[in-house]
Structures are given as C-alpha cells and as structure tokens.
Amino acid sequence: MKIPQRQFPLLNEIASCQACVAHLPNPPRPVLSASSSARLLIIGQAPGRRVQQSGIPWSDASGNQLRAWLQLSETQFYDASRIAIVPMGFCYPGKGTSGDLPPRPECAPLWHSRLLASMSDIQLALLIGSYAQAYYLDKQVKPTLTATVAHHAEYLPKFFPLPHPSPRNRFWLSRNPWFEKDVLPILRNKVRDALGY
Ligand code: SF4
C-alpha cells in the first residue's frame with residue numbers, strides 16, 4: 001500500500017527534518033500523513049520500529065486494533081484526503097528499558113501548529129495515549145489516562161481522548177470494560193460524523 005505523502009507541501013519540509021537526529025537510533029524517517037482536505041486527525045505517540053521500517057503509519061498490531069475500534073477499513077483509514085495521521089513524534093525514538101522511548105519532545109512543538117494551520121477542515125482529533133492528551137488538553141487533562149478517557153465527553157466536539165490500542169494494553173481493556181461497551185459506540189458515531197459517512 002502506498003501513501004501519497006508528497007501531496008501536501010509541508011510534508012516535503014518535514015521529510016528532511018534533522019532537528020533531533022542526535023537523539024535517534026536511526027536516520028530520521030518521519031512517518032505521518034496529511035492533506036489540506038482532511039476531516040479527522042489522529043494524533044498518536046511515535047512510530048515503532050516496524051512502522052519506521054514500512055514508512056506506513058499504524059501498519060502494525062496497534063493499527064489493526066485502532067481500525068477495529070473505529071470500524072474503518074484499511075482503504076478508509078489510509079485515505080489521506082480525509083484522515084490525517086500525525087503522531088507526537090514523527091520518527092522512531094528507539095527502545096528504552098520498558099518498551100519504546102517516548103516521542104521526541106522537539107517534534108510536536110516544531111511541526112504540529114503549522115500542520116494544523118494547513119488543515120482547516122478538521123472536525124475531530126483523536127488523542128491517542130497520554131503524550132497527545134497532555135499536549136493538547138493541557139490543564140484539562142485528568143490525573144490518569146483512565147480518568148481522561150472516562151471524561152471524553154468534556155473534550156468534545158474538538159478532541160476525543162483514547163488509550164493506546166497496543167496489544168500491551170490488553171490488561172487496561174480488561175480492567176475497564178466500559179471503554180469497549182460504552183465509549184466505542186460513541187467514538188464510532190463521532191468519527192462517522194467527522195468523516196461525513
Ligand atoms: S522526530 Fe520530529 S523533530 Fe525529530 S528528526 Fe524526526 S521529524 Fe524532526
């Protein structure tokens with residue numbers, strides 16, 4: 001599957017970014033997708049090693065879970081004219097002692113506001129994981145990710161906070177059955193509305 005990354009001029013600039021090269025385990029390879037007509041924005045964490053190698057955002061088990069949560073096919077999910085995929089860090093940050101390192105802190109302040117300014121049709125932004133929630137919800141974020149997700153209605157119509165769909169989060173899902181039972185149906189409706197389906 002090929003993602004038309006270069007339809008959006010700012011992506012060319014991002015593709016040559018070297019801002020945090022000294023802190024990355026590999027040469028920078030920003031993995032994101034955007035277009036000026038996008039209506040849904042997905043703000044995740046940072047690409048894992050597999051996604052960094054493929055260059056395709058969410059082309060892993062987490063992406064499969066996220067598409068299942070949203071009830072979107074791969075074709076719908078990777079339609080850059082409707083869905084923008086912009087993580088908090090665009091390049092694989094490397095491995096830490098317990099999983100991947102956090103997204104590089106330079107990345108979102110450097111690029112996000114310019115990207116968002118170029119996407120004036122965004123109807124809804126999904127904030128996936130604590131880094132995106134802390135950055136975008138700022139003082140409105142709750143003390144825990146669980147509380148932030150449980151209070152998702154407070155952040156509408158602009159934002160919808162979600163847990164990370166990683167298989168490593170199965171334990172969180174089993175401890176919080178309300179998420180799949182009560183939150184996912186609301187999320188799917190909001191996503192359909194945003195996309196105009
Ligand atoms: S992570 Fe972001 S800031 Fe760092 S090199 Fe990649 S694109 Fe640039």
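Between which two elements does the loop that holds Pro 167 lie? Pro 167 is in the loop between β6 (159–162) and α8 (170–175), where helices (H or I, at least four residues) and strands (E, at least two) are DSSP runs numbered from the N terminus.

Before you click further, a word on the model. It is a predicted one, in which local features need pLDDT of at least 70 and side-chain atom pairs count only at pLDDT 80 or more, while totals for chains, interfaces and linings use all residues. Residues are numbered from 1 along each chain as its sequence is written, and side-chain values use heavy atoms, with hydrogens and water left out.

**Stop 1: the whole chain**

Show the chain as a cartoon. You can look for nine helices and six strands. The radius of gyration is 16 Å, close to the 16 Å that the globule rule gives for 197 residues, so the chain is as compact as a globular protein of that length. That radius is taken over C-alpha atoms, and the rule is 2.2 Å times the number of residues to the power 0.38. Along the principal axes, the C-alpha atoms fill a box of roughly 40 × 40 × 35 Å.

Now try a surface view. Of the 197 residues, 48% count as buried; buried means under 20% relative accessible area, exposed over 50%, and partly exposed in between (1.4 Å probe, protein chains only). Among the contacts with a separation of 6 or more, 72% are between residues 24 or more positions apart. Here a contact means heavy atoms within 4.5 Å.

**Stop 2: back to Pro 167**

Select Pro 167 again. At 32% relative accessibility, Pro 167 counts as partly exposed. Leaving out residues up to four places away in sequence, Pro 167 touches Ala 61 and Ser 62. Next, draw a line from Pro 167 to Leu 195: their C-alpha atoms are 27 Å apart in space, and the two are 28 residues apart in sequence.

**Stop 3: a cis bond**

Move to Pro 157, in the loop between α7 (145–150) and β6. A cis peptide bond joins Leu 156 and Pro 157, with omega about 5°.

**Stop 4: two positive phi angles**

Pick Gln 71 in the loop between α3 (61–70) and α4 (74–77). Its phi is near 55°, a positive value in a residue other than glycine.

Asp 138 is not a glycine either, yet has a positive phi of about 50°. With 48% relative accessibility, Asp 138 counts as partly exposed.

**Stop 5: Ser 35**

Is Ser 35 buried or exposed? Ser 35 is buried, with a relative accessible area of 6%. Look for Ser 35 in the loop between α1 (9–15) and β1 (40–43). Setting aside neighbours within four places in sequence, Ser 35 is in contact with Phe 8, Ala 80, Ser 81 and Met 119.
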